[in-house]
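Thanks for making the time this morning.

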Amino acid sequence: MNEISEKSSRSLENMIRRLPDDIARTLRMMPESMSGSLEEIRFRTGRPVMVYAGGKEYEMYRRDHQNVSAEEMDKIFNLLVHHSAYSYQEDIRSGFVTLDGGHRVGICGRAVTDGNGRVVNIRSITSINIRRGREVIGISDGIVPYLGDGRRAVRNTLLVSPPKCGKTTVLRDLIRNLSNMGYKVGVCDERCEIAGSCGGTYGFDLGMRTDVIDSCPKDTGILMLLRSMSPDVVAVDEIGTESDAAAVERACVSGVSVVAAMHGSCFEDVIRSPIGRFVRKGIISRLIFLTDRPSPGTVQDIRNASGMSLIRPPEMDWHAQEQDDGNGGAEYGEYERVPPEKNRGKKSQGAGR
Amino acid sequence: MIDTLTLKIAAAAVFILAGTAGGRFQAGRLKERVKLLEELIGGMRLFQSEIYYTHERLENISKRLVISCRGCASDLFFQFSEELKRGEGRDTEEIWNSAAGKLFQMHTALRTPDLNTLKTAGIRLGRDDIGGQCAYIGKTAEELQVRLQEARQDSETRSRLFQTLGTAAGCAGALLIM
């Protein structure tokens, strides 16, 4: 087992051990090919546990019972927050909690609001989605040559893709690459996902010249980094609001390069967003489009500010081979592949045996 | 040769001493209960403050409370912190109850209602926001305060009774022997 996969499986074990014993036991029985490509574990009250790996959906078979009960959901949440929900209060308000190692836990339930309609808590949790934070060293190696502007600076760059296509994984590795190339990188990690920081240490390798401010709103965090850490590059995940755009503008006019990730699936999505005006003005001059086919983190296209593709599709597939196990979704012991059409139009409870 | 009278006097003395010691032991347990409950209430107040001001995880807070609490409260948080360390896959309430049960075995002067009151703190432990958590621990501390008042009354009224009864029982035994 190489160092990366060892680190990855350690991080996965850290996530699994926070779950109730019977679920953890079943997850540990996953074949390596499946655990290696594990993306999400989803719990829904009254429904079976679903596992997403390698772009496929599996239903977990449990010996005692099939569906997740309300009590069990409460226990799962309690365990995930280290028996201390109060200590994650700010995160819970935003609908997610970040675990050690950068795994993000999305939660749904009954929102408790204050007099101003602001969510102050989420109670009676009904859905939990654990998204695995992954570190794939070298995944951004093919992108780096496109970011140079001929001088020493890095071009302002946007990583664009729909959810679950590996934006954060690519951004994390890009930060590591730029940092190790000699750039001082300031990372504003609002959801503690990029660095996977916990207790003052980073769960992921972000390079030797990287400074991270985490749990801080992006607009404030970017300004704090500019004022205090004099970065060459500011990296930020999931931008898209007007306030994010204002902070990006501030960084750009300060002579600092911005590398950011945002949701979207095509060039037009970017142009229509609040960030679009920077692309139209040519301030952001590299747009990297990612896809999950054949695996998350695959580069679909690299475009310049005018929307012109800089690469041709066959040449861009640097990451394509990595996680295709060729299994095609066959049964994996305790797991059975759920075909996409299953449950569509089906009203009954989860597909238990 | 030791004559019968000497033996009887010695046995009577033993009876009186044993009776007095037994009475004092029972009275001592009542006083010990008061002390233990005072320590537990102090511990719960510190627990509340730690959560309110630090917002840290129970694991870290309980480790700190082992040092900052007195007597049985320190034992409680030591047990809790150890159980948390081992308790992967177990619910907080289960872990808290197990720690409280171990404390109950260590300090026998505590009574079942005290244990039950202490266990109520585990019901919402780690499940609420800061305000709810502090309020719930405060509620347990208040309930322990009620137990403390009972224990004080018990100690005042019954400790003298136990001492007198113990000595009287010893004397009665001595008289019977004589």
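**Confidence, fold and contact**

Within chain B, the element with the lowest mean pLDDT is helix 6 of chain B, at 86, and the one with the highest is helix 2 of chain B, at 92; pLDDT is the predictor's confidence in each residue, from 0 to 100, and the elements are DSSP runs numbered from the N terminus, helices being H or I of at least four residues and strands E of at least two. This is a predicted model, in which local features need pLDDT of at least 70 and side-chain atom pairs count only at pLDDT 80 or more, while totals for chains, interfaces and linings use all residues. Residues are numbered from 1 along each chain as its sequence is written, and chains are lettered from A and ligands numbered from 1 in the order in which they are written. For chain B the mean pLDDT is 87, with 98% of its residues at 70 or more, and for the complex the predictor gives an ipTM of 0.77 and a pTM of 0.71.

Chain B has 6 helices and 0 strands. Its radius of gyration is 22 Å, whereas a compact globule of 178 residues would have one near 16 Å, where the radius is taken over C-alpha atoms and the globule rule is 2.2 Å times the number of residues to the power 0.38. Along the principal axes, the C-alpha atoms of chain B fill a box of roughly 75 × 30 × 25 Å.

Which elements of chain B give two or more residues to the side that touches chain A? The contact, counted where C-beta atoms placed from the backbone lie within 7 Å, takes 17 residues from chain B and 15 residues from chain A. The elements in question are helix 2 (58–68) and helix 6 (130–177) of chain B.

Turning to chain A, the buried residues of its helix 4 (residues 70–80) include A:M73, A:I76 and A:F77, buried meaning that 20 or more other C-beta atoms, placed from the backbone, lie within 10 Å of a residue's own. What covers the buried residues of helix 4 of chain A includes strand 5 (104–113) and strand 6 (119–131) of chain A, together with helix 4 (92–106) of chain B.

Those two strands of chain A pair in the antiparallel sense over 9 bridges, pairing requiring that DSSP find at least two bridges between them.

How values were computed. Contact = placed C-beta atoms within 7 Å. Buried ≥ 20, exposed ≤ 12 C-beta atoms within 10 Å, placed from the backbone.
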